[in-house]
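Hi,

Here is the structure I promised to send over. Have a look, and my notes follow below.

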Amino acid sequence: MYENIKFEVNEGIGTVTINRPKAMNALNMDVLTELYDVFTKIESDDEVKAVILTGEGKAFVAGADIAQMHKLNPIGGRQMMMLGHKVMNLIENIEKPVIAAVNGFALGGGCELAMACDIRIASEKAKFGQPEVGLGIIPGFGGTQRLARLVGKGMAKYLIMTAEMIGADEAYRIGLCEKVAAPEELLSVAEKVARTIASKAPIAIATAKTAINNGFDMDMKSASKFEIETFTAAFSSEDKTEGMGAFLEKRAPEFKNR
Ligand code: CAA
(Lines give C-alpha, C1' and ligand atoms only; values in the text may rest on other atoms or scores of the structure.)
Protein backbone atom coordinates (compact mmCIF):
# COMPACT_ATOMS: atom_id res chain seq x y z
CA MET A 1 0.00 0.00 0.00
CA TYR A 2 1.01 3.63 0.16
CA GLU A 3 3.52 5.12 2.61
CA ASN A 4 2.82 8.80 2.09
CA ILE A 5 -0.83 9.02 1.22
CA LYS A 6 -4.12 7.59 2.47
CA PHE A 7 -6.96 6.68 0.17
CA GLU A 8 -10.49 5.71 1.09
CA VAL A 9 -13.80 5.54 -0.71
CA ASN A 10 -17.05 6.29 1.08
CA GLU A 11 -20.27 5.87 -0.88
CA GLY A 12 -18.77 6.98 -4.17
CA ILE A 13 -16.57 9.78 -2.82
CA GLY A 14 -12.83 9.05 -2.84
CA THR A 15 -10.63 10.93 -0.39
CA VAL A 16 -6.89 11.17 -0.98
CA THR A 17 -5.00 12.52 2.04
CA ILE A 18 -1.34 13.41 1.73
CA ASN A 19 0.12 12.00 4.91
CA ARG A 20 3.60 13.31 5.58
CA PRO A 21 2.76 15.83 8.29
CA LYS A 22 6.27 15.94 9.81
CA ALA A 23 7.52 17.48 6.56
CA MET A 24 4.37 19.58 6.04
CA ASN A 25 3.33 17.06 3.36
CA ALA A 26 6.15 18.27 1.10
CA LEU A 27 6.11 16.58 -2.29
CA ASN A 28 9.17 14.41 -2.81
CA MET A 29 9.44 11.94 -5.67
CA ASP A 30 7.89 9.14 -3.59
CA VAL A 31 4.81 11.23 -2.75
CA LEU A 32 4.47 12.31 -6.38
CA THR A 33 4.77 8.69 -7.56
CA GLU A 34 2.11 7.56 -5.09
CA LEU A 35 -0.19 10.40 -6.15
CA TYR A 36 0.26 9.40 -9.78
CA ASP A 37 -0.55 5.82 -8.92
CA VAL A 38 -3.67 6.56 -6.89
CA PHE A 39 -5.14 8.97 -9.46
CA THR A 40 -4.44 6.44 -12.23
CA LYS A 41 -6.43 3.87 -10.24
CA ILE A 42 -9.20 6.37 -9.51
CA GLU A 43 -9.50 7.11 -13.22
CA SER A 44 -10.66 3.58 -13.98
CA ASP A 45 -12.55 2.93 -10.73
CA ASP A 46 -16.28 3.08 -11.47
CA GLU A 47 -17.04 3.20 -7.77
CA VAL A 48 -15.46 6.66 -7.43
CA LYS A 49 -17.71 9.46 -8.65
CA ALA A 50 -15.80 12.42 -7.20
CA VAL A 51 -12.54 12.93 -5.34
CA ILE A 52 -11.47 15.09 -2.41
CA LEU A 53 -7.75 15.83 -2.08
CA THR A 54 -6.52 17.10 1.28
CA GLY A 55 -3.53 17.07 3.64
CA GLU A 56 -2.93 15.60 7.10
CA GLY A 57 -2.02 18.04 9.88
CA LYS A 58 -1.47 21.76 9.53
CA ALA A 59 -0.44 21.80 5.86
CA PHE A 60 -2.24 20.94 2.67
CA VAL A 61 1.19 20.73 1.03
CA ALA A 62 4.07 23.14 1.81
CA GLY A 63 5.64 22.67 -1.61
CA ALA A 64 8.06 20.42 -3.39
CA ASP A 65 10.57 18.84 -1.00
CA ILE A 66 13.33 21.41 -0.55
CA ALA A 67 15.70 18.94 1.13
CA GLN A 68 15.40 16.59 -1.84
CA MET A 69 15.72 19.37 -4.44
CA HIS A 70 18.78 20.80 -2.70
CA LYS A 71 20.70 17.63 -3.56
CA LEU A 72 19.62 17.45 -7.21
CA ASN A 73 21.64 18.56 -10.21
CA PRO A 74 19.79 20.36 -13.05
CA ILE A 75 18.94 17.09 -14.80
CA GLY A 76 17.50 15.67 -11.57
CA GLY A 77 15.60 18.90 -10.96
CA ARG A 78 14.14 18.74 -14.46
CA GLN A 79 13.10 15.12 -13.94
CA MET A 80 11.40 16.01 -10.68
CA MET A 81 9.50 18.86 -12.34
CA MET A 82 8.48 16.56 -15.19
CA LEU A 83 7.09 14.08 -12.67
CA GLY A 84 5.27 16.93 -10.93
CA HIS A 85 3.76 18.06 -14.23
CA LYS A 86 2.71 14.49 -14.98
CA VAL A 87 0.82 14.34 -11.68
CA MET A 88 -0.78 17.79 -12.08
CA ASN A 89 -1.82 17.05 -15.66
CA LEU A 90 -3.32 13.71 -14.65
CA ILE A 91 -5.40 15.30 -11.89
CA GLU A 92 -6.44 18.16 -14.15
CA ASN A 93 -7.53 15.86 -16.94
CA ILE A 94 -9.05 12.75 -15.37
CA GLU A 95 -12.70 12.55 -16.27
CA LYS A 96 -13.83 12.87 -12.66
CA PRO A 97 -14.25 15.97 -10.53
CA VAL A 98 -11.40 16.59 -8.07
CA ILE A 99 -11.94 18.99 -5.17
CA ALA A 100 -9.00 20.33 -3.17
CA ALA A 101 -9.91 20.71 0.51
CA VAL A 102 -7.12 23.11 1.43
CA ASN A 103 -6.72 22.59 5.17
CA GLY A 104 -3.57 24.68 5.74
CA PHE A 105 -0.40 25.77 3.96
CA ALA A 106 -0.67 25.44 0.17
CA LEU A 107 2.71 26.79 -0.85
CA GLY A 108 4.78 26.35 -3.99
CA GLY A 109 4.01 22.88 -5.33
CA GLY A 110 1.11 22.74 -2.85
CA CYS A 111 -0.57 25.77 -4.39
CA GLU A 112 0.16 24.25 -7.79
CA LEU A 113 -1.43 20.95 -6.73
CA ALA A 114 -4.54 22.78 -5.51
CA MET A 115 -4.70 24.66 -8.82
CA ALA A 116 -4.59 21.41 -10.79
CA CYS A 117 -7.82 20.37 -9.03
CA ASP A 118 -11.18 21.42 -10.48
CA ILE A 119 -12.43 23.29 -7.40
CA ARG A 120 -10.67 24.59 -4.28
CA ILE A 121 -12.39 24.85 -0.92
CA ALA A 122 -10.20 26.54 1.68
CA SER A 123 -10.24 26.35 5.44
CA GLU A 124 -10.19 29.75 7.13
CA LYS A 125 -6.70 28.65 8.28
CA ALA A 126 -5.39 28.04 4.76
CA LYS A 127 -2.45 30.02 3.41
CA PHE A 128 -1.64 30.17 -0.28
CA GLY A 129 1.58 31.33 -1.91
CA GLN A 130 4.34 30.74 -4.43
CA PRO A 131 7.55 31.32 -2.41
CA GLU A 132 9.96 29.86 -5.01
CA VAL A 133 11.79 33.07 -5.97
CA GLY A 134 13.04 33.25 -2.37
CA LEU A 135 14.71 29.86 -2.98
CA GLY A 136 16.35 30.94 -6.21
CA ILE A 137 13.90 29.09 -8.45
CA ILE A 138 10.49 29.65 -10.00
CA PRO A 139 7.31 27.58 -9.71
CA GLY A 140 7.92 24.31 -11.52
CA PHE A 141 4.74 22.24 -11.24
CA GLY A 142 2.73 24.51 -13.56
CA GLY A 143 2.36 27.52 -11.26
CA THR A 144 3.47 30.19 -13.71
CA GLN A 145 0.79 28.96 -16.10
CA ARG A 146 -2.15 27.87 -13.93
CA LEU A 147 -1.94 30.84 -11.55
CA ALA A 148 -2.03 33.32 -14.43
CA ARG A 149 -4.99 31.49 -15.94
CA LEU A 150 -6.89 31.42 -12.62
CA VAL A 151 -6.27 34.91 -11.22
CA GLY A 152 -4.94 36.86 -14.23
CA LYS A 153 -1.43 37.75 -15.33
CA GLY A 154 -0.98 40.79 -13.12
CA MET A 155 -2.00 39.08 -9.86
CA ALA A 156 0.05 35.99 -10.79
CA LYS A 157 3.11 38.17 -11.31
CA TYR A 158 2.42 39.96 -8.02
CA LEU A 159 2.15 36.70 -6.06
CA ILE A 160 5.08 34.96 -7.74
CA MET A 161 7.44 37.96 -7.69
CA THR A 162 6.70 39.04 -4.10
CA ALA A 163 6.32 35.45 -2.79
CA GLU A 164 3.60 36.89 -0.52
CA MET A 165 1.57 34.37 1.46
CA ILE A 166 -2.16 35.13 1.43
CA GLY A 167 -5.03 33.91 3.60
CA ALA A 168 -8.24 32.21 2.54
CA ASP A 169 -10.32 35.39 2.26
CA GLU A 170 -7.81 37.04 -0.07
CA ALA A 171 -7.52 33.80 -2.06
CA TYR A 172 -11.31 33.81 -2.39
CA ARG A 173 -11.35 37.48 -3.41
CA ILE A 174 -8.90 36.93 -6.26
CA GLY A 175 -10.45 33.66 -7.43
CA LEU A 176 -7.78 31.30 -6.15
CA CYS A 177 -10.40 29.35 -4.19
CA GLU A 178 -14.12 29.00 -4.76
CA LYS A 179 -15.36 28.59 -1.17
CA VAL A 180 -14.10 29.21 2.36
CA ALA A 181 -15.14 27.01 5.29
CA ALA A 182 -14.55 26.91 9.04
CA PRO A 183 -11.64 24.51 9.72
CA GLU A 184 -13.83 21.95 11.50
CA GLU A 185 -16.34 22.00 8.64
CA LEU A 186 -13.88 21.87 5.74
CA LEU A 187 -14.23 18.18 4.95
CA SER A 188 -17.99 18.11 5.36
CA VAL A 189 -18.35 21.15 3.07
CA ALA A 190 -16.04 19.49 0.53
CA GLU A 191 -18.02 16.27 0.79
CA LYS A 192 -21.31 18.11 0.28
CA VAL A 193 -19.96 19.71 -2.90
CA ALA A 194 -18.57 16.34 -4.03
CA ARG A 195 -21.94 14.63 -3.40
CA THR A 196 -23.82 17.36 -5.26
CA ILE A 197 -21.58 16.89 -8.30
CA ALA A 198 -21.72 13.09 -7.96
CA SER A 199 -25.53 13.21 -8.08
CA LYS A 200 -25.43 14.67 -11.62
CA ALA A 201 -24.94 12.73 -14.85
CA PRO A 202 -21.33 11.39 -14.79
CA ILE A 203 -20.86 11.73 -18.53
CA ALA A 204 -22.12 15.31 -18.43
CA ILE A 205 -19.70 16.15 -15.60
CA ALA A 206 -16.76 14.57 -17.44
CA THR A 207 -17.74 16.28 -20.68
CA ALA A 208 -18.14 19.67 -19.02
CA LYS A 209 -14.66 19.30 -17.47
CA THR A 210 -13.16 18.46 -20.87
CA ALA A 211 -14.97 21.30 -22.61
CA ILE A 212 -13.82 23.89 -20.04
CA ASN A 213 -10.23 22.62 -19.80
CA ASN A 214 -9.61 22.17 -23.50
CA GLY A 215 -11.60 25.16 -24.69
CA PHE A 216 -9.91 27.56 -22.27
CA ASP A 217 -6.70 27.78 -24.26
CA MET A 218 -8.37 27.91 -27.68
CA ASP A 219 -9.52 30.95 -29.58
CA MET A 220 -13.27 31.58 -29.15
CA LYS A 221 -14.22 30.22 -32.56
CA SER A 222 -12.40 26.91 -32.05
CA ALA A 223 -13.66 26.69 -28.47
CA SER A 224 -17.28 27.18 -29.61
CA LYS A 225 -16.85 24.42 -32.15
CA PHE A 226 -15.28 22.20 -29.48
CA GLU A 227 -18.25 22.87 -27.20
CA ILE A 228 -20.70 21.81 -29.91
CA GLU A 229 -18.86 18.52 -30.39
CA THR A 230 -18.58 17.81 -26.66
CA PHE A 231 -22.23 18.85 -26.20
CA THR A 232 -23.21 16.35 -28.89
CA ALA A 233 -21.30 13.60 -27.09
CA ALA A 234 -23.27 14.30 -23.90
CA PHE A 235 -26.48 14.63 -25.93
CA SER A 236 -25.91 11.13 -27.32
CA SER A 237 -25.74 9.54 -23.88
CA GLU A 238 -28.46 7.50 -22.19
CA ASP A 239 -28.21 9.97 -19.35
CA LYS A 240 -29.66 12.68 -21.60
CA THR A 241 -32.77 10.55 -22.23
CA GLU A 242 -32.98 9.74 -18.53
CA GLY A 243 -32.32 13.31 -17.29
CA MET A 244 -34.84 14.97 -19.58
CA GLY A 245 -37.36 12.14 -19.17
CA ALA A 246 -37.13 12.41 -15.39
CA PHE A 247 -37.72 16.17 -15.57
CA LEU A 248 -40.82 15.72 -17.72
CA GLU A 249 -42.12 12.90 -15.53
CA LYS A 250 -41.42 14.98 -12.40
CA ARG A 251 -39.18 12.38 -10.77
CA ALA A 252 -35.54 12.17 -9.74
CA PRO A 253 -33.21 10.95 -12.53
CA GLU A 254 -31.33 7.69 -12.21
CA PHE A 255 -28.10 8.21 -14.09
CA LYS A 256 -26.00 5.36 -15.40
CA ASN A 257 -22.66 4.55 -13.88
CA ARG A 258 -19.90 4.98 -16.37
N1 CAA B 1 10.27 20.79 1.80
C2 CAA B 1 10.88 20.03 2.73
N3 CAA B 1 10.62 20.14 4.03
C4 CAA B 1 9.70 21.05 4.43
C5 CAA B 1 9.04 21.88 3.51
C6 CAA B 1 9.35 21.71 2.14
N7 CAA B 1 8.73 22.41 1.17
N8 CAA B 1 8.21 22.70 4.18
C9 CAA B 1 8.35 22.39 5.48
N10 CAA B 1 9.26 21.40 5.63
C11 CAA B 1 9.72 20.78 6.87
C12 CAA B 1 10.65 21.70 7.64
O13 CAA B 1 11.97 21.65 7.12
C14 CAA B 1 10.52 21.14 9.03
O15 CAA B 1 11.33 20.00 9.14
P16 CAA B 1 12.17 19.71 10.51
O17 CAA B 1 11.11 19.53 11.56
O18 CAA B 1 12.90 18.45 10.19
O19 CAA B 1 13.03 20.91 10.72
C20 CAA B 1 9.07 20.68 9.09
O21 CAA B 1 8.63 20.56 7.74
C22 CAA B 1 8.16 21.68 9.79
O23 CAA B 1 8.32 22.93 9.15
P24 CAA B 1 8.61 24.29 9.97
O25 CAA B 1 9.35 24.00 11.23
O26 CAA B 1 9.25 25.25 9.01
O27 CAA B 1 7.12 24.71 10.35
P28 CAA B 1 6.54 26.19 10.56
O29 CAA B 1 5.17 25.99 11.09
O30 CAA B 1 7.49 27.03 11.32
O31 CAA B 1 6.46 26.81 9.08
C32 CAA B 1 5.94 26.80 6.71
C33 CAA B 1 5.59 26.26 8.12
C34 CAA B 1 5.61 28.28 6.62
C35 CAA B 1 5.11 26.00 5.73
C36 CAA B 1 7.46 26.58 6.46
O37 CAA B 1 7.78 25.23 6.73
C38 CAA B 1 7.89 26.88 5.03
O39 CAA B 1 8.08 28.04 4.70
N40 CAA B 1 8.07 25.83 4.22
C41 CAA B 1 8.62 25.97 2.88
C42 CAA B 1 7.61 26.56 1.92
C43 CAA B 1 8.23 26.71 0.55
O44 CAA B 1 9.15 27.45 0.33
N45 CAA B 1 7.65 25.99 -0.44
C46 CAA B 1 8.10 26.03 -1.80
C47 CAA B 1 9.00 24.87 -2.11
S48 CAA B 1 9.70 24.99 -3.74
C49 CAA B 1 8.53 24.38 -4.77
O50 CAA B 1 7.45 24.01 -4.38
C51 CAA B 1 8.94 24.35 -6.24
C52 CAA B 1 7.86 24.03 -7.16
O53 CAA B 1 7.17 24.88 -7.67
C54 CAA B 1 7.60 22.67 -7.55
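Which residues are buried in helix 5 (residues 143–151)? They are Gly-143, Arg-146, Leu-147 and Val-151, where buried means under 20% relative accessible area with a 1.4 Å probe, protein chains only. Helices here are DSSP runs of H or I, at least four residues, numbered from the N terminus. These four cover an arc of only 105 degrees around the axis, so they sit on the same side of helix 5; the arc is taken from the directions from the helix axis to the C-beta atoms.

A caveat before the rest: this is a predicted model, with local features needing pLDDT of at least 70 and side-chain atom pairs pLDDT 80 or more, while totals for chains, interfaces and linings use all residues. Residues are numbered from 1 along each chain as its sequence is written, and side-chain values use heavy atoms, without hydrogens and water.

Back to helix 5: its buried residues pack against helix 3 (74–93), helix 4 (109–116), helix 6 (153–162) and helix 7 (168–174). Just after helix 5, Gly-152 has a positive phi of about 95 degrees.

On to the core. The largest nonpolar core has 50 residues, and Leu-35, Phe-39, Leu-53, Phe-128 and Leu-176 touch the most other members. (A nonpolar core is a set of buried Ala, Val, Leu, Ile, Met, Phe, Trp, Tyr and Cys residues joined through side-chain atoms within 4.5 Å.) Another core, of 12 residues, lies apart from it and includes Ile-13, Ala-101, Leu-186 and Val-193. Beyond its neighbours within four places in sequence, Phe-39 is in contact (heavy atoms within 4.5 Å) with Val-16, Val-51, Leu-53, Leu-90, Ile-91, Ile-94 and Val-98.

Cheers

Notes. Helices (H or I, at least four residues) and strands (E, at least two) are DSSP runs, numbered from the N terminus.
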